[in-house]
Amino acid sequence: MQHPDYQSHQVIDDSVRAAARLVAGSLRPEQYDDVIHLLDHGEPGIALETLCSHLYEDDIEIDDGARRQIAHAGELMEMSPLVWERLAPALWPDVDPATWWTFQTGEPADAEHSWNVRRELEREIGVGHVLHGERFDVLARFSGADKVLLRLAGGRFAVVHPTWSVRAEPSLRLATVVLPDLHGAQVEVDRISDLG
């Protein structure tokens, strides 16, 4: 009889391997090998994040079965749903490139800007704020009103207006609108664009 911890680890390992097999045909051989190498060395969490990174960075669309398997593996490890929710075809609102700076391009300048915005928001979102403890992706920044579009877990979005104060802000000062779904996010994005 195996030790329960070993059994749990084996279930997680098997689940990540199953997810990798489902998308193997869409990956380059070296990408698949990266994931298996990490699993062989007892790193299922990093393996799943690496798998999702490869799929995300190459904009590889996956079917519902593969997405469910990836989600199952992530849930077993209590990972953030954003790890798999961002995978193609993860939808987000249409934004006007003339007024919104999008960060999901893979360009180094966009990645750096996204990182800087994330760091600032992490500083400003304090205890008691509606986004405190939430995981998020930074999607775009509206130049006219300096608002930032975020993707939250569970298909939700948010628009936040940072103060750029480099410190935690009272909830009233860090204006935030949480949007329950893609439709709500599109309505808010259009409203901001029209006002800008």
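**Entry 1: the helical core**

I began at L55, and leaving out residues up to four places away in sequence, I found that L55 touches V23, L27, I60, I62, I70 and L87. I note here that the model is a predicted one, so I read each contact as a feature of the prediction, given that contact means heavy atoms within 4.5 Å. L55 then turned up again when I looked up the largest nonpolar core, which has 26 residues and in which V16, L48, L51, L55 and I70 have the most contacts. At least two residues of this core come from each of α1 (4–23), α2 (29–40), α3 (44–57), α4 (64–76) and α5 (82–85). Apart from that core I found another, of 13 residues, with V117, F136, L150 and V160 among them. As background I wrote down that nonpolar side chains tend to be buried together in soluble globular proteins.

**Entry 2: the chain as a whole**

I next counted the elements and noted seven helices and five strands, which from the N terminus run α-α-α-α-α-β-α-β-β-β-β-α. Along its principal axes the C-alpha trace spans about 60 × 35 × 30 Å, and 41% of the 196 residues count as buried. Of the contacts with a separation of 6 or more, 57% are accounted for by residues 24 or more positions apart. The accessible surface comes to about 10700 Å², and carbon and sulfur atoms hold 52% of that surface.

**Entry 3: charges and the pairs at D137**

I then looked up the charges and found 17 positive and 34 negative side chains, the centres of the two sets lying 6 Å apart. D137 counts as buried because its relative accessibility is 7%, under the 20% limit, whereas R86, at 26%, counts as partly exposed.

D137 also meets the side chain of R118 in a salt bridge, at 4.0 Å from N to O. Here too the pair links distant parts of the chain, since R118 sits in helix α6 (residues 108–124) and D137 in strand β2, 19 residues apart. R118 has a relative accessible area of 23% and is therefore partly exposed. When I asked which residues are linked in a network of salt bridges, I found R86, R118, E122, D137 and R151.

**Entry 4: a pair inside helix α6**

I also looked at R123, which forms a salt bridge with E120, the closest N and O atoms being 3.2 Å apart. The two are separated by about one helical turn because they lie three residues apart in helix α6.

**Entry 5: E188**

Last, I went to E188, whose place is in helix α7 (residues 182–195). With a relative accessible area of 9%, E188 is buried. Leaving aside neighbours within four places in sequence, I found E188 in contact with V159, V177 and L179.

Methods. Residues are numbered from 1 along each chain as its sequence is written. This is a predicted model: local features need pLDDT of at least 70, side-chain atom pairs count only at pLDDT 80 or more; totals for chains, interfaces and linings use all residues. Side-chain values use heavy atoms; hydrogens and water are left out. Helices (H or I, at least four residues) and strands (E, at least two) are DSSP runs, numbered from the N terminus. Buried means under 20% relative accessible area, exposed over 50%, partly exposed in between (1.4 Å probe, protein chains only). Accessible areas come from the Shrake-Rupley method with a 1.4 Å probe; for residues, only the protein chains shown count as cover. Lys and Arg count as positive and Asp and Glu as negative; His and the chain ends are not counted. The place of a charge is taken as NZ of Lys, CZ of Arg, CG of Asp or CD of Glu. A nonpolar core is a set of buried Ala, Val, Leu, Ile, Met, Phe, Trp, Tyr and Cys residues joined through side-chain atoms within 4.5 Å.
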